[in-house]
Amino acid sequence: MKAAALRIARPETVEEALELAGQYGQDAKFIAGGQSLAPALNLRMASASLLIDLAALPSLKGISEEHDRLIVRACTTYTQTQAHPKIRGGLPLVVEGIGHIAHAAIRNVGTVGGSLALADPAAEMPAMAVALGASIKILGREGSRVVSAEKFFKGLCETDLADGELLAEVHWPIAGWEFWRFLEITRRRGDYATAGVILLGRRQPQGGLDVRICAFGVSSRPSLLPKTAGALVEATRSGRPFDEAVADACSELDIDGDTHTPAETKAHLLRVLLARQVTALTEFYRERL
Ligand SMILES: Cc1cc2nc3c(=O)[nH]c(=O)nc-3n(C[C@H](O)[C@H](O)[C@H](O)COP(=O)(O)OP(=O)(O)OC[C@H]3O[C@@H](n4cnc5c(N)ncnc54)[C@H](O)[C@@H]3O)c2cc1C
């Protein structure tokens, strides 16, 4: 199938792109890498009479460092992000996680901003943004605002972006996690995650551990598991077994099934991944705490 007839606008500035979006309202869609939107248009699962192409806008491309953050502009591709020396130096989790997204041909064109705007709950980039405490800069005709990734993802393919707004930048804190691990289960290599868990750990200056856990692919959006993380920290303090601490993890989420995997299986996979992550964390800190 092919998409219904539509026009493509190639604005030269972000302001022009926002103006067009305001003018055309629901009839217009932004397009970045087109790796998700183009198939959806072809299958008639999405429609638009105007596509506003963001991919060539210079102010939406590239990576820079500002204070304690790395700024990835929206139309930077996965491949450019993964190869960038500052990302390789400061965000090794992101380098690893991008390797799990689709295949090289898609990573060469698909963009960081496109993935976040799409907000697929089984996608790797939104999960990494939530896990690492990234923030998202949004531009609209009225100005700009910055939202935490945790608040940006509202539900299944639903974000904080209002009509006509575009995602401009992702701000990643360089937070110096000592332990980071990306784990996911997929049906085939390069697929979206059936279930995934990111675990981060670092020693606190005053002693003890700081732990962050993000689960994805198992509910309507990537979610931090603060109670489970707290129970893990408590277990390291008291010497209790870690597996007891993670036993209740599934109660922190509304686990949803999808077309291939029922919710019970997802819950089981989440427990399996958490157990693997916790074993790795225990090994890592055995000699260090
Ligand atoms: C075969 C295949 C396998 C894939 N496997 C995976 C996978 O395993 N994991 C994964 O995460 N992804 C996967 N993807 C999706 C891929 O990562 C997409 O590139 C990504 O989800 C969207 O990025 P894009 O730049 O192509 O966005 P587009 O397709 O251009 O746009 C996607 C949506 O975001 C909107 N949008 C884009 N940019 C902006 C912006 N800056 N501001 C506001 N709205 C914007 C568009 O209007 C559209 O609604 C796969 C895709 C294919 C075709």
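Biologist: Hi! How many salt bridges does the structure hold?

Modeller: The structure holds twelve, counting a salt bridge as a side-chain nitrogen of Lys or Arg within 4 Å of a carboxyl oxygen of Asp or Glu. This is a predicted model, where local features need pLDDT of at least 70, side-chain atom pairs count only at pLDDT 80 or more, and totals for chains, interfaces and linings use all residues. Residues are numbered from 1 along each chain as its sequence is written, and side-chain values use heavy atoms, with hydrogens and water left out.

Biologist: Which residue meets D160 in a salt bridge?

Modeller: That is R145, with N and O 2.6 Å apart. R145 and D160 also belong to a network of salt bridges with K154 and E165.

Biologist: And K266, is that buried or exposed?

Modeller: K266 is buried, at 2% relative accessible area; buried means under 20%, exposed over 50%, and partly exposed in between (1.4 Å probe, protein chains only). Its salt-bridge partner is D258, at 2.7 Å from N to O, and D258 is partly exposed at 40%.

Biologist: Nice. What does E124 do there?

Modeller: A polar side-chain atom of E124 lies 2.8 Å from a ligand nitrogen. For L167, a backbone N or O atom is 2.9 Å from a nitrogen of the ligand.

Technical notes: Polar contact = N/O pair within 3.5 Å; in protein donor to acceptor, adjacent residues only side chain to side chain.
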